[in-house]
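Student: Could you take me through one part of this protein in detail, looking at its charged pairs and at what lies in its interior?

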Amino acid sequence: MKSTPLSLIAGVVALAAVTGFAALTVPGDDGGAEAKAAARLPVERSSLLCPAPSTSDLAETTYTSFTPAAKDGPKDGTAELKAAEALPADEDEPADGKTGDADDKADADDKKKTDADDKEKAADSKPVISLKDLGKPVTAETSKSGAPALVGTATDRFAPGWTTQQTTTAAAGGARGLLGVSCTAPDTDFWFPGASTGASRQDYVHLTNPDDTAAVADIELYGAEGPLKSDVGEGITVPARSSVPLLISTLTGEAAENVTVHVTTRSGRVGAVVSAAEDEVGSDWLAASADPAGTQILPGIPADATSVRLVAFAPGEDDADVKVQLLGKNGTFSPAGNDTLHIKSQMTASVDLKNVTRGEPGSLRLTPTDGSRTPVVAALRVVRGTGAKQEVAFIPATGPVGERATVADNRAKGSVLSLTAPGKTAKVKVTASAGSEGGEAAVKTYTVKGGTTLEVTPEAPAGLKGGYALTVETESGGPVHAARTLTIPEGGIDMFTVQTLQDDGGTVEVPEAEQDLSVLDD
């Protein structure tokens with residue numbers, strides 16, 4: 001007799017709720033029969049990693065953490081972000097012949113150092129930010145130079161849809177700008193088209209390990225002519241619950257204006273994101289592109305963009321030919337002279353689209369021209385302003401908002417939401433949460449016509465105090481891609497940053513077992 005015990009079914013369901021993936025097969029006469037139906041359950045655990053924000057003494061960073069409200073579900077749970085551990089220093093061996101008072105002095109110094117280390121560890125073990133309620137964001141601020149990366153976990157009721165935004169304002173210096181990033185989930189594979197090893201750029205890839213064992217990562221670099229030679233990009237150890245920033249230009253001796261960075265792990269998992277600083281233009285975070293695919297959407301190009309550069313890469317063995325289209329306010333068109341782009345295999349391609357939006361908001365769509373659907377990754381470098389008042393941001397290719405997606409840290413002024421429907425017309429519900437310090441949530445529904453981009457200024461919560469989160473939910477129609485632009489004037493410059501919104505994965509599909517859990521064999 002063969003049987004599938006109930007405990008196995010429960011175990012698979014729990015695994016899916018925690019990891020987002022599970023498969024269940026019930027053995028039978030034919031060697032296996034897949035469960036006939038599936039249900040969606042909320043995840044029970046989520047992880048997020050925020051990179052070290054800045055080394056500047058002039059930088060101020062705000063963290064905003066949020067989980068959307070839910071009608072039902074678990075009553076308990078936590079959502080906390082803590083400082084990643086500093087790497088321990090090597091302990092020196094004692095000198096030979098140390099006796100008497102020297103020993104006593106050394107012991108006293110060691111005790112002072114141990115006490116100081118214990119106090120620092122105790123401070124680091126306290127949450128930097130911790131959620132208290134669903135549907136209401138919590139904020140924390142730091143102006144500390146060299147503030148650490150953060151690692152965190154949300155459980156039970158706080159896990160589904162948990163998001164955290166890190167926003168840094170650097171008013172002056174080489175890293176001047178508004179640097180925004182949605183803290184990332186750990187993974188094993190990341191693509192970053194749009195990085196650089198050029199003389200005018202200082203780009204760092206930040207690797208953060210959330211786990212209790214070391215991770216080992218490899219970094220590959222690709223320029224316009226193919227792979228960039230690197231002797232130090234392999235076997236990079238990221239210690240447990242620690243973060244390692246690496247200056248990309250030190251990984252190769254070749255200078256390249258447009259570079260695609262590929263991060264993979266041999267063991268363990270990491271969060272990865274690139275900080276990019278460009279002389280006289282500003283700085284921002286470059287988040288990972290959506291996974292390689294034949295079609296890519298890059299939403300949220302500001303209407304007043306003065307320069308837009310598309311950077312794309314074909315990671316496979318085949319070249320890619322893609323059609324370049326702008327999804328504008330009233331329809332879809334191809335930029336004059338740049339309606340297609342040829343991307344050679346393993347080579348980074350780029351094209352300057354200049355002020356492609358011409359005063360109207362837009363989004364870029366890349367589709368195959370020959371039906372081959374060769375997978376590509378892509379990102380945009382976007383500049384607003386001119387001369388000494390330029391400011392830069394990056395928009396990676398991103399997936400649709402799906403069932404639900406959220407971006408945190410919206411302000412009473414300066415937040416703009418871009419909604420793009422690359423296929424069929426769609427209807428979405430946008431919820432502006434309660435404010436971090438007060439206010440009531442506001443809900444509004446928008447219709448996005450197929451092949452267009454709709455830019456809206458969100459309806460702020462009534463009585464808003466503090467910051468708020470924006471949650472986008474698809475109600476009907478085709479897929480919708482979204483991005484939020486946050487603008488903060490500083491020193492006569494409209495500093496800005498763009499964050500794309502992706503399905504938060506708040507629920508996972510798990511197999512629904514039949515009542516009869518046993519299959520008998522003769």
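**Charged pairs and nonpolar cores**

Tutor: In this predicted model, Arg201 is buried, and so is Asp203. The two side chains form a salt bridge with each other, and their closest N and O atoms are 2.7 Å apart. This pair belongs to a structure that holds 11 salt bridges.

Another of them joins Arg411 to Asp409, at 2.6 Å from N to O. Here Asp409 is buried, with a relative accessible area of 3%, whereas Arg411, at 27% relative accessibility, counts as partly exposed.

A further salt bridge links the side chains of Arg40 and Glu509, with 4.0 Å between N and O. Because Arg40 lies in strand 4 (residues 37–42) and Glu509 in strand 41 (residues 507–512), this pair ties together parts that are 469 residues apart in sequence. Arg40 is partly exposed, with a relative accessible area of 47%, while Glu509, at 52%, counts as exposed, since the cut-off for that word is over 50%.

Turning to the nonpolar residues, the largest nonpolar core has 30 residues, and those with the most contacts inside it include Phe192, Val205, Ile219 and Val261. Strand 15 (residues 215–223) supplies the largest share of this core, namely four residues. If we set aside neighbours within four places in sequence, Ile219 is in contact with several residues, among them Val205, Leu207, Gly233, Leu246 and His262. Apart from this core lies another, of 29 residues, which includes Val308, Leu310, Ala393 and Ala483. In soluble globular proteins, nonpolar side chains tend to be buried together.

Terms used: Residues numbered from 1 in each chain as written. Predicted model: local features only at pLDDT ≥ 70, side-chain atom pairs only at ≥ 80, totals over all residues. Heavy atoms only, no water. Core = buried A, V, L, I, M, F, W, Y, C linked by side-chain atoms within 4.5 Å. Buried < 20%, exposed > 50% of the residue type's maximum accessible area, 1.4 Å probe, protein only. Helix = DSSP H or I, 4+ residues; strand = E, 2+ residues; numbered from the N terminus. Contact = heavy atoms within 4.5 Å.
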